[in-house]
Structure formats: C-alpha cells, structure tokens
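Please examine the sequence and the structure shown below. The paragraphs that follow lead through its helices and the side-chain pairs that link them to a loop.

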Amino acid sequence: MDYADLHGVIAAALKQELSGIDLTDDLELVESGIIDSFALTKIVAALETAYAGLRIPDSDATVENLASVDRIKAYLAGRN
C-alpha cells in the first residue's frame with residue numbers, strides 16, 4: 001500500500017490539535033502534550049478512512065506505534 005500522503009492524512013485528522021504547530025515527521029504528539037493517548041483513536045480512524053482495506057487492531061493503537069508520523073510510517077512498514 002502506498003502511504004505517500006501519510007503526513008497530510010495525520011495533519012488533517014489533527015487539524016484542531018495542531019493549530020499553530022508545524023507538524024514534522026518526528027514530532028512526538030503525545031510526549032509533547034499536543035494529543036493524549038485517547039486521541040490515537042482519531043489517528044486510527046483517519047488512517048483507516050484514507051487507506052481502503054487498512055485495519056489497525058485496537059492492540060496496535062499505542063503510543064509506541066502512532067505517536068508521530070515517523071512512528072506511524074515504521075508501524076505501517078512493519079505490517080507489510
């Protein structure tokens with residue numbers, strides 16, 4: 001699956017939370033206090049909507065997998 005627009009998908013999903021913040025791929029969203037761990041469900045929903053056929057199990061919706069664009073890229077690459 002091609003995740004070329006991953007950065008844009010995450011930026012759109014977190015538009016409100018990122019107001020005035022430049023989203024870089026290495027920005028730790030939870031650690032920096034931009035989102036809490038419950039907001040990871042918003043990221044999961046955005047990913048599953050943007051990429052047809054992608055399903056992220058609840059057990060994978062963790063800070064370790066989804067707390068930055070870089071972590072999401074690594075998680076998705078590891079699933080293939």
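**Helices, buried faces and salt bridges**

Gly 78 is placed in helix α4, which spans residues 69-79; helices here are DSSP runs (H or I, at least four residues), numbered from the N terminus. This is a predicted model, in which local features need pLDDT of at least 70 and side-chain atom pairs count only at pLDDT 80 or more, while totals for chains, interfaces and linings use all residues. Residues are numbered from 1 along each chain as its sequence is written, and side-chain values use heavy atoms, with hydrogens and water left out.

Gly 78 counts as exposed because its relative accessibility is 62%. The classes are set by relative accessible area: buried is under 20%, exposed is over 50%, and partly exposed lies in between (1.4 Å probe, protein chains only). From C-alpha to C-alpha, Gly 78 lies 21 Å from Thr 24 in space, and the two are 54 residues apart in sequence.

The buried side of helix α1 may be considered next. Leu 6, Val 9, Ile 10 and Ala 13 are the buried residues in α1. Seen down the axis of α1, these residues fall within an arc of 95°, so they line one face of the helix; the arc is that of the directions from the helix axis to the C-beta atoms. The cover over the buried residues of α1 includes α2 and α4, where contact means heavy atoms within 4.5 Å.

How many salt bridges does the structure hold? There are 3 salt bridges, each defined as a side-chain nitrogen of Lys or Arg within 4 Å of a carboxyl oxygen of Asp or Glu. One of them joins Lys 42 to Glu 17, with the closest N and O atoms 2.7 Å apart. Because Lys 42 lies in helix α2 and Glu 17 in the loop between α1 and α2, this pair ties together parts that are 25 residues apart in sequence. Lys 42 counts as partly exposed at 33% relative accessibility, and Glu 17 counts as partly exposed at 22%.

Another salt bridge is formed by Lys 73 and Asp 25, whose closest N and O atoms are 2.7 Å apart. Lys 73 lies in helix α4 and Asp 25 in the loop between α1 and α2, so the pair ties together parts that are 48 residues apart in sequence. Lys 73 is partly exposed, with a relative accessible area of 39%; Asp 25 is partly exposed, with 24%.

Arg 71 forms a salt bridge with Glu 28, the closest N and O atoms being 3.1 Å apart. This pair links distant parts of the chain, 43 residues apart: Arg 71 is in helix α4, and Glu 28 is in the loop between α1 and α2. Arg 71 is partly exposed, its relative accessible area being 28%. Not counting residues up to four places away in sequence, Glu 28 touches Ala 67, Ser 68 and Arg 71.

Note on methods
Helix = DSSP H or I, 4+ residues; strand = E, 2+ residues; numbered from the N terminus.
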